[in-house]
Amino acid sequence: MTTTNRPATTALVFEHRCEACHGEGLLYSPVWRRWHEREGEARLAWRADHGGDADWYASPAYVALRLERPAGPQEDPCGECEGIGSIPTELGHQLLGFLRRHLNT
Ligand SMILES: [Zn+2]
């Protein structure tokens, strides 16, 4: 029986997934989330009054609410990972420092 004396390989981990944005790099805007919550509540209340088959999206109530939509984008870059979706490990920071030093010469 032959054996090899190769050392066990260890993966070098330079980054880990950002838990704040689940690796997406974006977070849904809180002002948009609040608007959608208001819209959902208003839709349920309106349909309770007008019947489930009534067209909420053609109603004056929805048209008025639609005018109150936030002006900004629905997603913002994640502040935790600066929109990248991952965060460097200590080893990743060391590699970035090495690259900065040698690429900026
Ligand atoms: Zn993130």
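This is a predicted model: local features need pLDDT of at least 70, side-chain atom pairs count only at pLDDT 80 or more; totals for chains, interfaces and linings use all residues.
Of the 105 residues in this chain, 3% count as buried, where buried means that 20 or more other C-beta atoms lie within 10 Å of the residue's own, exposed means 12 or fewer, and partly exposed covers the range in between, with C-beta atoms placed from the backbone. Residues are numbered from 1 along each chain as its sequence is written.

Let me turn to the overall fold. The chain has three helices and four strands, taken as DSSP runs numbered from the N terminus (helices: H or I, at least four residues; strands: E, at least two). Their order along the sequence is β-β-α-α-β-β-α. The radius of gyration is 25 Å, well over the 13 Å that the globule rule gives for 105 residues, so the chain is more spread out than a compact globule. That radius is taken over C-alpha atoms, and the rule is 2.2 Å times the number of residues to the power 0.38. Along its principal axes, the C-alpha trace spans about 80 × 50 × 15 Å.

Next, helix H1. Its 21 residues, 30-50, should span 30 Å at 1.5 Å a residue, and its end C-alpha atoms are 30 Å apart, which agrees; the expected span is 1.5 Å times one less than the number of residues. Gly51 follows H1 and has a positive phi, near 95°.

Finally, Ala8. This residue lies in the segment before strand S1 (15-17). Why does Ala8 count as exposed? Because Ala8 has 4 C-beta neighbours inside 10 Å. Ala8 and Ser86 are 78 residues apart in sequence, and their C-alpha atoms are 27 Å apart in space.
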